[in-house]
Amino acid sequence: MSFDLNHKFWVSTRKEIGQLIKKQNRLKKIDPPQEKAISFKIFAELYVLYVELVAKLGFIYHNTFQVQKRELVRVLVESATQQLMQLKEELKELEMSEYIYIDKALIARKLTPRDLVIWRSPQFLYRRPLDIQNILADNRLYMNDEEKEEKAAQDWVPISEAVKLIQAHERARRARVYKSSIKYDKKKFLKVYQRKKINYKFTFKPDQAMSIPVKRTIFSADFLKADESCENLRKRDDVAETAADDEEALNRLRNIAACKIQSWWRGYRTRKIVKIRKRFKEELYGMKKIRKLKRPNQNANSIMEMYKNEMLKRKLDDDFINLINDERTRLLQVRSPWMMEDISDHIRAWFKEFYEKTGNFHPYPDPVKKGTVLVVIDETMTPMEFQQTLGKKPLTKAEKKKIRDKEKKDKRRKREKEKLIKMKEAKRRKKLRDAGIIDIGYELTASKAIENIEETMKKYAKDWRNVDEYLNKNHDPIKDWVTEEELAKIHQEVRGLVDEYMRVEYELLREALAKDNNEKYKALKVKYPKKKKNRRKRKPKDITGDRTLESLYQELKDAGIIEKVAHKDFDEFIADFNFVADDTRNEDDLATLGPAKGDIKMVIQESMLGMGEFDIPKPKSLLLIGPLNSGKKLLCQIIASELDAVFMNLSPEKTYKYADDLKYFLHVVLKVAKAFQPTIMYFEEAHRLFWKKIPPEAVDIKPRLLGPSIASKILKPLKKNDKIVVIGTSNMPWAAKGGIKRAFQKVLLIPKCDYGTSFLLWLELMTENAPDDMKEHAYSALARVLQAYTSGDINENVKQTLNIDRKMRLKNEALDPNEFLEYFLSKNDPPIFPPEEKLMEKFNKWFGSANRLQKMRKMYDAQKLAKASKKK
């Protein structure tokens with residue numbers, strides 16, 4: 001992204017932030033809406049605005065290199081994302097579902113549900129330390145030019161070998177075709193046709209003898225039709241120039257030929273334009289697709305490019321730190337002596353002022369109260385106030401204790417009063433919530449994220465108003481600000497030193513004054529701030545402290561625990577959104593139609609936002625449930641691939657061999673996971689870890705080995721900021737004990753395919769697997785008839801039915817939709833049938849007992865039913 005474009009993008013985004021702040025300030029003043037639908041509408045509109053804002057700010061942040069501005073934009077993007085998640089939680093609470101439908105707010109902004117996706121890969125990624133990333137990238141970050149060329153050559157070896165193999169096969173195919181053609185018609189393919197008379201001439205370089213006589217021949221072949229219109233051309237002399245016997249007839253022929261060519265060209269061009277427009281409309285309406293051409297290393301290259309930008313940012317950060325150190329050294333050498341003298345003169349003037357007006361000296365401020373800074377900010381007593389205290393007797397211990405007790409009581413009363421006000425406010429809001437009323441003004445006012453955004457924008461308007469950002473294309477830091485900050489820090493440090501010296505002078509003055517007045521001198525006690533004791537937590541013993549991270553990583557990789565995941569993105573999980581749920585709300589304004597398969601992608605993406613660079617709440621563990629071949633494992637691989645995460649497969653098949661030394665194994669897994677985060681810990685068919693009854697054939701892999709350790713040994717040591725998540729899949733969650741619900745904080749059900757998802761599946765898979773010359777397919781009929789099948793079954797069907805042999809016969813034998821049906825019924829033993837309705841009901845029942853929001857919806861429905869029965 002160019003500097004100019006990023007600057008313009010930032011200017012426009014700033015205006016949008018200002019408009020959003022104004023809108024929120026108006027909403028803070030409104031009374032709580034009585035209708036729940038109005039609250040939902042307001043939150044939905046704000047949610048859409050924040051989605052757009054987060055996407056823009058994230059893009060700006062990752063393309064901003066100037067250190068001081070980058071810090072400011074980071075605060076904005078982090079706060080905006082936090083507010084976005086708060087709004088999403090509010091909408092979920094109102095909807096009592098993991099899935100929200102805000103179609104009316106989207107229509108007002110002319111957006112679609114796909115525009116709500118804020119997944120930004122690779123800009124979204126969490127930045128590992130460069131040394132750690134270098135291990136994962138096979139030491140590519142710090143390569144010199146020669147090493148890069150050698151590595152690139154090694155990467156091209158398999159591609160060049162593949163090209164040679166394809167070329168060899170193509171030459172062999174052509175030879176086979178030519179051989180079979182000769183067998184079919186020898187006369188046609190072996191006979192060489194050549195005109196009897198061929199005009200040619202010899203050419204050579206004049207005045208130069210040829211060492212070897214060479215006859216250079218220039219053939220002039222003519223392509224003439226054997227009809228009457230070419231009679232004159234065939235009879236003409238090739239050497240002689242054509243003479244126009246009849247100029248008028250020749251012009252007429254030329255005009256006719258030009259018109260003919262133009263008419264055919266215009267017809268061809270028009271047909272081509274119509275065809276392109278038709279294809280464009282079909283693609284726009286989602287009726288047709290173009291085959292995607294993916295570059296083999298596109299994602300890896302983009303990640304490497306991102307880390308190169310990170311290296312540039314790191315260099316700019318180091319330069320900024322060096323600038324601070326150099327400026328600090330310069331200021332200490334040049335300004336600190338003058339600064340110390342000025343502070344000393346100011347304190348001496350203060351001594352003199354009090355002595356001249358009161359004949360005494362004001363008590364010297366203690367370091368615990370910031371020392372003589374109180375003098376600068378006028379928080380000491382005036383000479384008149386000090387004069388009044390001189391005649392008073394010093395307070396006794398009892399009187400001091402009484403004053404302290406009174407102050408403590410006042411503080412306690414104040415705290416209790418504030419607590420009472422908060423409790424009343426909480427009760428008021430709970431009462432409103434129970435009645436279905438939400439105090440939007442309070443929610444926006446109490447949001448720290450909104451407060452951070454407003455303060456940051458005020459700071460930007462104040463600090464950057466005189467700075468022309470457009471002129472700073474080299475990303476240089478603003479030196480004046482560094483000087484001001486360092487001067488303030490040096491001033492505080494120097495004042496502390498000067499205070500210590502001036503305290504000695506102060507005591508000498510007091511001692512001299514006491515001698516003059518024949519009084520007993522008593523030095524004042526000095527109160528220093530208490531030093532915080534560094535309570536070092538007892539760290540657990542590191543049993544692998546003598547080993548490097550690279551060796552531990554390699555150990556898990558060799559054991560098959562760390563698996564390499566091929567790059568997959570969320571587009572490969574083909575699914576459509578529910579576009580009618582918003583129109584099927586009941587009298588309580590709750591959506592009654594279940595989610596579509598595309599809605600699950602949005603929920604998973606938002607759950608994984610905390611795995612990025614910013615501090616955003618996320619679940620520590622996630623369980624995906626659904627029937628076989630519904631795409632659960634694919635989603636896990638997509639998450640790991642999009643996050644560029646280390647993928648640890650902790651399924652029983654991989655871990656049973658560590659039963660004898662489980663403590664060591666968990667230690668290594670957690671140590672590597674934390675060092676190389678983001679990390680995905682994956683459990684395939686997680687219900688096996690909590691099996692009620694272990695089948696005899698599964699006893700050998702010890703499936704319950706890690707079950708008790710998930711909550712206590714894996715999730716408990718993880719902190720909120722750790723970019724580690726435990727993900728499990730299950731197609732039989734009811735076969736597990738209740739511990740599975742405690743081990744996985746969030747449970748999501750993969751819904752069954754609807755017509756829209758089924759249509760997209762057939763369209764995408766047929767486009768990718770069928771040849772380009774096949775224009776018409778019965779997508780809609782296939783989607784309608786085979787709608788109930790899972791996505792994995794449909795994917796396997798297309799791959800097996802459209803195999804290489806069938807593709808070769810497509811031109812001669814058209815594809816029949818019945819072939820896909822035959823695959824399910826005839827070509828498999830036993831036949832493949834879609835999941836039964838009873839099975840989906842079983843999934844829904846278990847999901848209702850495991851998901852928090854689903855439990856809320858059930859309780860609400862039960863209360864509503866009880867009220868209705870009482871009225872009867």
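Reader: Hi! Which residue does R585 form a salt bridge with?

Author: R585 pairs with E95, and their closest N and O atoms are 2.9 Å apart. A salt bridge here is a side-chain nitrogen of Lys or Arg within 4 Å of a carboxyl oxygen of Asp or Glu. Before we go on, this is a predicted model, where local features need pLDDT of at least 70 and side-chain atom pairs count only at pLDDT 80 or more, while totals for chains, interfaces and linings use all residues. Residues are numbered from 1 along each chain as its sequence is written, and side-chain values use heavy atoms, with hydrogens and water left out.

Reader: Are R585 and E95 buried or exposed?

Author: Both R585 and E95 are buried. Buried means under 20% relative accessible area, exposed means over 50%, and partly exposed is in between, using a 1.4 Å probe and protein chains only.

Reader: How many salt bridges does the structure hold?

Author: There are 43 salt bridges in the structure. One of them joins the side chains of K88 and E606, at 2.0 Å from N to O. K88 is in helix α3 (residues 67–95) and E606 in helix α19 (residues 597–607), 518 residues apart, so to speak linking distant parts of the chain. K88 and E606 are both buried.

Reader: And how far apart in helix α6 are E170 and R173?

Author: They are three residues apart in helix α6 (residues 145–184), which separates E170 and R173 by about one helical turn. E170 and R173 also form a salt bridge, with 2.8 Å between the closest N and O atoms. E170 is partly exposed, at a relative accessible area of 28%, and R173 is partly exposed too, at 39%.

Reader: New topic! Which residues touch the most other members of the largest nonpolar core?

Author: Y47, Y50, I102, I604 and I680 do, in a core of 81 residues. A nonpolar core is a set of buried Ala, Val, Leu, Ile, Met, Phe, Trp, Tyr and Cys residues joined through side-chain atoms within 4.5 Å. Helix α2 (residues 36–61) gives this core its largest share, 15 residues.

Reader: What does Y50 touch?

Author: Not counting residues up to four places away in sequence, Y50 touches L20, Q24, A80, Q83, L84, L87, I450 and I453. Contact means heavy atoms within 4.5 Å.

Reader: Let's look at helix α29. Which of its residues are buried?

Author: In helix α29 (residues 818–825), the buried ones are E819, F820, Y823 and F824. Viewed down the axis of α29, they fall within an arc of 145 degrees, so they line one face of the helix. That arc is taken over the directions from the helix axis to the C-beta atoms. The cover over these buried residues includes α25 (755–769), α26 (779–785), α27 (791–801) and α28 (804–808).

Reader: What about the outside? Which residues form a nonpolar patch on the surface?

Author: F280, L284, Y285 and M287 form one, with about 480 Å² of accessible area together. Y285 sits in the loop between α9 (247–284) and α10 (298–334), and counts as exposed at 56% relative accessibility.

Reader: Last one: which peptide bond is cis?

Author: The bond from Q677 to P678 is cis, with omega near 10 degrees. P678 lies in the loop between α22 (662–675) and β6 (679–683). Backbone angles at N518 are worth a look too: N518 has a positive phi of about 55 degrees although it is not a glycine. Most residues other than glycine have a negative phi, and most peptide bonds are trans.

Methods
Helix = DSSP H or I, 4+ residues; strand = E, 2+ residues; numbered from the N terminus. Patch = residues over 30% accessible without salt bridge, like charges linked within 9 Å, V, L, I, M, F, W, Y side chains within 5 Å. Areas by Shrake-Rupley, 256 points an atom, 1.4 Å probe, with all protein chains shown as cover.
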